[in-house]
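Please open the model in a viewer and keep the selection panel at hand.

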Amino acid sequence: MQCLSERCLIHANIFQAARGYRHVLNRKMRLNGLLLCNISKYFSTSNHKLTQNVFHKADSYGSACRLDRRKLLDKVSATMYQDSFDELIDEGKHVFDASLVRKQFPSIILGQSSPVELYDGISDAPEKSNILTADIYSGSWDSIPNEFNQFSSYKIESISDQSTLDSTYSSKEENSSSSSSSSSSTLPSYAKSPNPVKSDLQCSISDPFELILDKSISCIPVLSKKQCTQLENCGLHTIRKLLSHFPRTYADLQNAQFTIDDGQYLIFVGKVLSSRGIKASCSLSFLEVVVGCEVAESGSSSACMVSEHNNGSKKTIYLHLKKFFRGTRFTYQPFLRSLQEKQKEGDIVCVSGKVKTMRTKDHYEMREYNMDLIRDDDDESACAEGRPYPIYPSKGGLNPKLLSDIIARVLDTLPPGIDPIPNNTLQMFGLKSLRDAYIGIHQPSNFKEADLARKRIIFDEFFYLQLGRLFQMLEGLGTWIEKDGLLNKYRNPSTNAVFTDEWCSLTKKFLNSLPYSLTSSQLTAVSEIIWDLKRQIPMNRLLQGDVGCGKTVVAFLACMEVIGSGYQAAFMVPTELLAIQHHDRLLSLLENMEDVDSRPSVALLTGSTPVKKARLIREGLQSGEISLVIGTHSLIAEKVEFSCLRIAVVDEQHRFGVIQRGRFNSKLYSNSVNSRLAEIDSNGSSKGDTSMAPHVLAMTATPIPRTLALALYGDMSLTQITDLPPGRKPIDTYAVEGNEAGFEEVYQMMKVELESGGRVYIVYPIIDQSEQLPQLRGASADLEVISNRFQGINCGLLHGRMKSDEKDEALKNFRSGETQILLSTQVIEVGVDVPEASMMVVMNAERFGIAQLHQLRGRVGRGVRKSKCLLLSSTSSGLPRLKVLEKSSDGFHLANMDLLLRGPGDLLGKKQSGHLPEFPIARLEVDGNILQEAHLAALMILSESHNLEGFPKLKAELSMRQPLCLLGD
Ligand SMILES: Nc1ncnc2c1ncn2[C@@H]1O[C@H](COP(=O)(O)OP(=O)(O)OP(=O)(O)O)[C@@H](O)[C@H]1O
């Protein structure tokens with residue numbers, strides 16, 4: 001310990017700053033980034049005359065009057081870029097003789113804080129301390145390397161005797177100091193956070209394991225207050241959040257590419273050779289960074305780190321990274337200089353982007369690129385032998401190196417017992433432990449390790465989702481047998497079915513009155529659904545089947561079963577057009593039923609239903625007079641009350657939000673109100689006594705791969721219709737380039753079709769022509785063109801901006817044959833059923849997704865006529881993607897293609913937020929098998945312990961991870 005005069009204090013600071021700064025440069029010792037920043041500022045200003053003056057004046061502190069002392073302190077603090085002197089000392093994290101400091105600077109209150117170590121994150125670090133270790137700081141000071149001790153051997157000793165403090169503090173000093181002392185006395189700045197370091201660590205000894213990951217980041221050893229705030233501002237409040245800030249990618253520090261083709265997307269690691277901000281004209285400037293990368297010459301598969309000289313089988317290529325700026329304000333020198341200074345010559349960077357060959361050999365241009373700093377010129381640490389180098393996504397301007405340093409510190413101290421998933425489960429599914437996974441993902445020694453770590457993290461994402469959903473369902477059940485039955489059902493989803501004989505009489509009558517026989521998978525689907533309907537547990541089932549496979553009739557039969565048992569049914573569809581179509585179709589099917597008395601009363605309720613009629617329908621629903629209502633979102637309006645709703649069918653369910661769907665099962669319906677309807681139930685099937693939420697049957701034509709369905713609807717049973725009604729002929733599909741010749745060819749084919757009595761849909765991406773997108777054709781704008789072209793043939797128009805009755809009229813005219821051509825937007829995509837339509841032309845087909853085109857194509861080929869689908873692409877580059885549809889009509893295959901190309905969000909349409917849980921790193925389209933395993937693991941765990949009491953760690957983790965709102969509707 002050294003004694004310190006006021007002057008010494010200042011010089012010690014300067015000395016320390018100098019040392020610290022040099023050490024940083026040497027990379028022998030890492031100070032935290034913030035300290036570095038302060039020190040460098042301070043160091044540069046210490047050369048300044050003004051600063052020197054302040055320091056000189058500080059010498060007179062002892063003899064100055066009280067007012068001057070205060071001013072002096074403020075000045076010194078300001079000069080050192082500190083809010084207060086306290087902070088300066090805290091930031092410095094070095095140790096002073098407190099009594100002397102107090103004597104010289106009485107306004108600095110020094111309290112109970114423990115000595116704080118300066119972090120040394122490299123090999124000669126003190127013993128790795130555990131976050132759980134209460135005495136993390138005690139004794140650690142001694143283990144700091146000698147060279148460092150030279151300026152760190154001062155110690156702030158605890159001062160408990162506050163009476164010695166200068167009683168003449170100014171109010172400001174008193175305020176600032178008392179505020180710091182009130183929270184944590186004079187703990188270092190980072191300890192003044194709501195979770196002071198020491199107390200947090202102390203309490204952690206007795207903390208249950210599950211709290212560790214959810215501790216505040218302020219318990220990370222030697223994290224300054226500013227760093228802490230910086231991390232918190234980026235949303236990284238807890239250790240878990242911090243560790244879940246996964247690398248975006250890994251750079252292979254050895255460039256393996258040896259053939260570089262134009263337009264390829266490549267990743268290189270190289271050295272910045274130059275960086276120039278260039279003014280090209282009075283309103284155009286650009287930044288050009290040249291990066292030299294060493295790659296293996298053709299034929300050689302290995303290369304080592306960058307060198308500027310050609311060397312045997314390696315050569316240097318030069319990447320010219322260019323960024324352009326338009327506008328006079330971007331041409332000013334200071335701006336350009338600031339741009340070019342962002343990259344320093346010699347920096348090792350990882351660059352990814354599309355390459356374009358330049359005229360000069362081995363020179364390539366990149367205009368859209370990502371550049372991540374891997375290390376400074378003098379930093380040897382990143383030169384890891386063949387290790388994947390993690391590249392973190394940028395987050396709130398956080399320095400990636402600082403971030404990985406902090407993460408490394410946490411990983412060092414992470415105890416092994418943090419894994420809530422039992423060991424045998426981990427072994428069964430070949431998973432890493434959670435700690436190893438965190439280490440593997442942040443500091444992998446090879447790509448395989450990173451991959452395995454990623455698998456474990458993804459497993460967790462899926463596992464807790466499945467576990468949460470299943471757990472919630474089980475909680476809703478009364479007996480152990482019921483719970484086991486439910487789990488069994490999930491394990492063997494296809495074993496439960498009720499066959500035709502046991503259907504209620506209304507369902508049987510309806511079945512018999514159908515103009516066709518059900519296909520075998522339609523029959524199985526109805527049987528499975530009816531099995532569920534007979535249970536006192538609300539069903540949650542997804543009925544999936546390709547376009548035109550006949551899902552609607554299956555849903556109608558399910559409704560009949562419920563109505564026949566004396567309850568009500570609601571059928572919600574996404575568009576008014578579809579509601580009308582379903583309503584009309586159901587009425588005509590019911591008309592075939594011989595037993596007139598048993599025909600249920602059916603109503604149609606949409607936004608366009610006249611107010612008076614809507615009120616009557618609502619009254620009918622409330623009294624139970626109406627048994628089945630078909631409608632749009634209006635069905636879930638607040639004022640719609642049901643008497644005894646037992647099933648809600650939601651068609652194209654992904655088009656509704658979670659909350660919208662949830663509205664149906666948010667209410668419980670008892671059956672006592674339902675006495676009138678019960679009489680209809682000639683079968684006499686008994687209704688249970690309990691109130692329950694209605695069953696939900698969701699339907700989708702989007703061929704959702706099972707994995708995606710699991711993630712979307714975790715707890716849902718899945719029923720699939722796998723065959724099409726008999727007599728369907730495959731649709732001939734052609735992808736055509738929309739040039740003059742292409743259009744001519746298409747018009748010719750249309751002419752032939754129309755002349756032979758066919759009907760044609762023309763689908764457009766937009767309604768009106770747009771100036772911004774002149775290449776897109778609009779339905780409304782094309783009406784005249786098509787009418788002129790096909791004179792004597794009636795054309796209709798259908799789009800979303802038309803009024804409901806106009807739309808209905810347009811579709812009716814097309815259905816009846818009054819119009820033979822229907823120019824339409826995507827409004828017809830869902831559910832429109834005109835069996836006579838035999839040809840579809842899609843304009844600007846490249847603007848549609850594959851799955852969407854498949855849906856659209858499903859509007860034709862629904863009748864006896866052989867149908868065609870012509871996909872016109874406005875660019876030749878769009879054709880290869882469209883050709884996929886020429887070759888396949890398998891919805892699953894196409895959906896998988898779409899999933900891979902666009903990701904699940906897009907597959908389900910833009911407005912599907914709230915449907916897909918967010919998975920930070922899992923990609924449903926490729927990680928499906930992990931999801932299946934996670935589902936299995938969740939089932940196994942819950943089979944062992946329905947309420948998770950047998951797995952307290954898992955239960956705690958689940959409650960931590962899964963806000964209930966995520967767990968389903
Ligand atoms: N078993 C069957 N045999 C013959 N025709 C059937 C059969 N089932 C349904 N259909 C007819 O097939 C057509 C398509 O049925 P439906 O509209 O129910 O299909 P969907 O699966 O709902 O299609 P989309 O996904 O396009 O809405 C209808 O005209 C319907 O009458």
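**A tour by selection**

Begin with N844, which counts as buried because its relative accessibility is 4%, under the 20% cut-off. The model is a predicted one. N844 sits in the loop between strand 21 (837-842) and helix 29 (850-857). Its phi is positive, about 45°, although N844 is not a glycine.

Next, select L948, in the loop between helix 33 (928-944) and helix 34. L948 is another residue other than glycine with a positive phi, here near 65°. With 0% relative accessibility, L948 counts as buried.

On the helix 16 side, display D460, E461, F463, Y464, L467, G468 and F471; they meet L954, K955, E957, L958 and R961 of helix 34. By class, this contact comprises six nonpolar, one polar and five charged residues.

Now select F510, F571, L586, L628, I647 and L697, which touch the most other members of the largest nonpolar core, a set of 47 residues. Among the elements that each supply at least two residues of this core are helix 18 (505-513), helix 21 (576-591) and strand 13 (628-631). Helix 20 provides the largest share, ten residues.

Centre the view on L586. Which residues is L586 in contact with, leaving aside neighbours within four places in sequence? They are F510, F556, M560, V602, L628 and I630.

Finally, select I220, L236, L398 and L411, which are among the 32 residues of another core, lying apart from the largest one.

How values were computed. Residues are numbered from 1 along each chain as its sequence is written. This is a predicted model: local features need pLDDT of at least 70, side-chain atom pairs count only at pLDDT 80 or more; totals for chains, interfaces and linings use all residues. Side-chain values use heavy atoms; hydrogens and water are left out. A nonpolar core is a set of buried Ala, Val, Leu, Ile, Met, Phe, Trp, Tyr and Cys residues joined through side-chain atoms within 4.5 Å. Buried means under 20% relative accessible area, exposed over 50%, partly exposed in between (1.4 Å probe, protein chains only). Helices (H or I, at least four residues) and strands (E, at least two) are DSSP runs, numbered from the N terminus. Contact means heavy atoms within 4.5 Å. Ala, Val, Leu, Ile, Met, Phe, Trp, Tyr, Cys and Pro count as nonpolar, Asp, Glu, Lys and Arg as charged, and the others, Gly among them, as polar.
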